[in-house]
Amino acid sequence: MQDVVAWLKEHGNLKIIKEPLDVELEIPHVAYIEVKKDDSRPLLFTHPINKRLGITYDMPILMNIFANRLVTEKIFDKHPDQVAEGIDKLLKLKPPTGLIEKLKMIPQLLALKNVFPKRLKATGNCQEVVVCKKDINLEKLPILKTWEEDGGAFITMGQVYTQSLDGSMQNLGMYRLQQYDKNHLGMHWQIHKDASHFFDQYQKAGKKMPVSVAIGGDPLYIWCGQAPMPHGMFEMLLYGFVRGKNAQLVKSLTNDIYIPKDVDIVIEGFVDPKKMEIEGPFGDHTGYYTLKESYPVMEVETITMKKNPVFQATVVGKPPLEDKYMGWATERIFLPMLKPMAPDLIDYYMPENGVFHNLILGKMKTLYKGHAQQFMHAFWGVGQMSFVKHAIFVNQDAPNLEDAQAITTHILNRLDPNKILITQGIIDALDHTANESLVGGKLGIDATGEEILKGVQEPINDALLLEKMQEIDNQVIELKQYFTQTKNPITVILVKKQHPMSELIQKLHPLSKHLKVLAIVDYNNNELDNPYLLLWRVVNNIDAQRDVSLEPFMALDGTNKSYIDGFTREWPGDTFCTKSVLEKLQAQGVIDIDKAFIRRFGLLPSSQIDSFGKTE
């Protein structure tokens, strides 16, 4: 992995794009489309430009590195389950009781010596070129602007290295970094993250906080940066465990933080705890824009790099994204770490269209009444799992959790309002649905039992059910029923919202003999024949305490909230591609998409799809 580009050419089916393309919108749009393909490939853009600034960059951009499961497995050099097996063995280590057991343990103990990062005294490849403070100009880096409404250009795959005030703990995180000008970056570390905790220490001490941001190098650094490690544990320990060799670190030139010697670019600087700046808006991996908010600012002291650096980046927006495959590896590898606090957990799965923290499915060995509820509380109380909004648990006899049709059927046949828990807890800072930031509703479903006995009292077809609803309220525009063969069919309706949906749900109570589960979404930018994005929309858009009712049928209000609902926060918009950019890329032959592809992944607002590709 010393030369990632060469490695991806040989092992990852790297696609090289030689056309001059703009870092603002064009390159991100190409990567956004590529990652959604079934045969997604890593991309190398060899001629990035910035038309607005009149810049032709002298370094290529590498994107979509974790393009699919196969290349992700190759990056790890083993299946993630094999890494999990090693962690499981480590967690179960017991003191040896005799000489034979001690001898058997020697290989395991010798392997552990490779886990700890090695601090080198020499400089690294990443420091072959040094840009002094007076010559720093972040505009010389091909930093991307992904979405039209973004607040500016953002570094999206930066490895952010920080350390505690006393230097005893070091952290690697992956946070977006907004470029403000030639020598300042916004530090979007959220309140729950280790880097933010370190920042609090410096702020209380009134001292500037050193930060080093690395770009490039071994792709495993990126994965380690987003891995949900326990508080205080340096993520590079995980790198050593996976690679089976020590991470090779060198000291930054202007601070005491150590970074991998083989990264392509290092941006060194300090955060003044007295200075804050508005960061955003920024289209994020939720598929929505994150709103403007005040965050710390990094002043850049120096930039070092390899002689021929490659700029690594990723793209965010609606799923599926590159984090689909990074998240798959994380799920597999961290399963053993969840089992100590939930020992009867068999497996878990976080669907990418649930954007991970919005939905988790868990398979467990159910031993007693209330066992699933115990798991819910355990999940909501530990580490990054505490951000999960909706958790569904099934018994050990359930189908494969990744078999969407089979597992959904299994759950709906066991869905009982009496076994649904609605509570409150912390939520991700990117969540937009709660009435206040950082705290919101949680929903847990216990589907571990036997099939329920009663289904829909009087099933009727879509047309007749729509007619009955429209007689009650003309906000209802379209309707489709899913999983009608189960005890709890899902009825999805599109509405042109004029009044709170709580009023509509109340009006529809007389139709309870025809309904079991009702999901409501807005008419604009939602399609009834796209269950993938309907799930994404609903789990993104509900706060369980406010938007879920259980009697006489289960109802979920997945509409956008506003003053109509008494919602006082700003509701963000979807991330949509820019139609003119897509049309230009299509005309150049850089992309090849049709209207069906655009609809399937919600690339454009509904109102723009039919006119895509038409000349004026």
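Modeller: One term before we start: buried means under 20% relative accessible area. And keep in mind that this is a predicted model.

Colleague: Okay. Which residues of helix 16 are buried?
Modeller: In helix 16, residues 579–588, they are Lys-579, Val-581, Leu-582 and Leu-585. They sit on the same side of helix 16, because they cover an arc of only 165° around the axis.

Colleague: And what do the buried residues of helix 16 pack against?
Modeller: Their partners are strand 2 (21–22), helix 2 (26–34) and helix 18 (606–609).

Colleague: What happens just after helix 16?
Modeller: Gly-589 follows there, with a positive phi of about 80°.

Colleague: Switching to charges: how many salt bridges does a search of the whole structure find?
Modeller: The search gives 30. In one of them, Lys-584 meets Glu-26 at 3.0 Å, N to O. That pair links distant parts of the chain, with Lys-584 in helix 16 and Glu-26 in helix 2, 558 residues apart.

Colleague: Is Glu-26 buried or exposed?
Modeller: Glu-26 counts as buried because its relative accessibility is 5%. Lys-584 is at 32%, so that side of the pair counts as partly exposed.

Colleague: What about Lys-561, which residue does it form a salt bridge with?
Modeller: Asp-547, with the closest N and O atoms 3.5 Å apart. Asp-547 lies in helix 15 (residues 544–547), while Lys-561 is in the loop between strand 31 (554–557) and helix 16.

Colleague: Are Lys-561 and Asp-547 buried or exposed?
Modeller: Lys-561 is buried at 3% relative accessibility, and Asp-547 is buried at 5%.

Terms used: Residues numbered from 1 in each chain as written. Predicted model: local features only at pLDDT ≥ 70, side-chain atom pairs only at ≥ 80, totals over all residues. Heavy atoms only, no water. Buried < 20%, exposed > 50% of the residue type's maximum accessible area, 1.4 Å probe, protein only. Helix = DSSP H or I, 4+ residues; strand = E, 2+ residues; numbered from the N terminus. Arc of directions from axis to C-beta. Contact = heavy atoms within 4.5 Å. Salt bridge = Lys/Arg side-chain N within 4 Å of Asp/Glu carboxyl O.
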